[in-house]
Amino acid sequence: MKKLMTMARQFRDDENGAAMVEYSILIGIIAVASIMIVIAIGAWVSGRFSELCIGLDAHPTGTCAAAGGS
């Protein structure tokens, strides 16, 4: 019985599981934030290239339309 009580106290005082859950949540938040940043940067770069291509098409020797651009 004493051994069972000791094991129960050790299980109650063990915080490894809680720390693992906290780290998992933190890693998940960091991963989601990183993915959102990469998507935002990709959209920004795509917009800049589209603006550049539109500007080149306005020039008499524009080549974006011939290359498959918008």
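**View 1. Glu 51, an exposed residue in a predicted model.** At 52% relative accessibility, Glu 51 counts as exposed (over 50% relative accessible area; buried is under 20%, partly exposed in between, with a 1.4 Å probe and protein chains only). This is a predicted model, where local features need pLDDT of at least 70 and side-chain atom pairs count only at pLDDT 80 or more, while totals for chains, interfaces and linings use all residues. Numbering starts from 1 along each chain as its sequence is written, and side-chain values use heavy atoms, leaving out hydrogens and water.

**View 2. Glu 51 meets Arg 48 in a salt bridge.** Their closest N and O atoms sit 3.8 Å apart (a salt bridge is a side-chain nitrogen of Lys or Arg within 4 Å of a carboxyl oxygen of Asp or Glu). Why are Glu 51 and Arg 48 separated by about one helical turn? Because they are three residues apart in helix H2, residues 16-58 (helices are DSSP runs of H or I, at least four residues, and strands are runs of E, at least two, numbered from the N terminus). Arg 48 is partly exposed, at 49% relative accessibility.

**View 3. Val 45 in helix H2.** With a relative accessible area of 32%, Val 45 is partly exposed.

**View 4. Stepping back to the whole protein.** You'll find two helices and zero strands here. Of the 70 residues, 3% are buried.
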